[in-house]
Amino acid sequence: QVQLVESGGGLVQAGGSLRLSCAASGLTLSRYDMAWFRQAPGKEREFVGGIRWSGRSTDYADSVKGRFTIARDNAKNTVSLQMNSLKPEDTAVYLCAARWLTKNVYEYWGQGTQITVSS
């Protein structure tokens, strides 16, 4: 059974930093592309950043480029999202997702962790 469990969420002031972690079990992480998504109240889920199975390629939403960094440790089956210079508009539930390296759709999702950025 595949499980993705996020941690590290919380309340932070604007301009601050947080680091999210996603612990994966039930799969071999090195065969999966990983990504972070977020969903704010009343808004659709949006892509935040992704990292290929090898770790050699990353991609970010324009809204977070230069502020967020995604990384992975395949040996530890974990993925992280370092978030700097946080803004109130970053407030959302952040979810970790996984997809098999040859697929286009993310098939496994975590339950999410809440990030609240106060102004």
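These legends accompany several close-up views of a predicted model.

**View 1. Four strands line up in an open sheet.**
Reading across the sheet, the order of the strands is β1-β3-β8-β7, and their pairing is antiparallel. Look for β1 (3-7) and β7 (68-73) at the edges: each has a single partner strand, so one side of each is left without a neighbour in the sheet. Neighbouring strands here are turned by 15 degrees against each other on average, direction ignored.

**View 2. Strands β3 and β8 run antiparallel.**
How many bridges join strand β3 (residues 18-25) to strand β8 (residues 78-83)? There are six of them.

**View 3. A disulfide joins cysteine 22 to cysteine 96.**
The two sulfur atoms are 2.1 Å apart, and the model has one disulfide in total. Which parts of the chain does the pair link? Cysteine 22 lies in strand β3 and cysteine 96 in strand β9, distant parts of the chain that are 74 residues apart. The torsion about the S-S bond is about -80 degrees, so this disulfide is left-handed. Are the two cysteines buried or exposed? Cysteine 22 has a relative accessible area of 1% and cysteine 96 has 0%. Buried means under 20%, so cysteine 22 is buried, and cysteine 96 is buried as well.

**View 4. Strand β11 pairs with β2 and with β9.**
Strand β2 (residues 10-13) runs parallel to β11, and four bridges join them. Strand β9 (residues 92-100) pairs with β11 in the antiparallel sense, over three bridges.

**View 5. Strand β11 has a covered face and an uncovered one.**
Stay with β11 (residues 113-118) and follow its side chains one by one. Which residues make up the covered face? They are Thr113, Ile115 and Val117, while Gln114, Thr116 and Ser118 make up the uncovered face. Behind this lies a simple rule: in a regular strand the side chains alternate between the two faces of the sheet. Isoleucine 115, the landmark from the previous view, belongs to the covered face.

Key
Residues are numbered from 1 along each chain as its sequence is written. This is a predicted model: local features need pLDDT of at least 70, side-chain atom pairs count only at pLDDT 80 or more; totals for chains, interfaces and linings use all residues. Side-chain values use heavy atoms; hydrogens and water are left out. Buried means under 20% relative accessible area, exposed over 50%, partly exposed in between (1.4 Å probe, protein chains only). Helices (H or I, at least four residues) and strands (E, at least two) are DSSP runs, numbered from the N terminus. Two strands pair if DSSP finds at least two bridges between them. Axes are lines fitted to C-alpha atoms, for helices over the stretch in contact, and angles run from 0 to 180 degrees between N-to-C directions. A disulfide is a pair of cysteine sulfur atoms within 2.5 Å.
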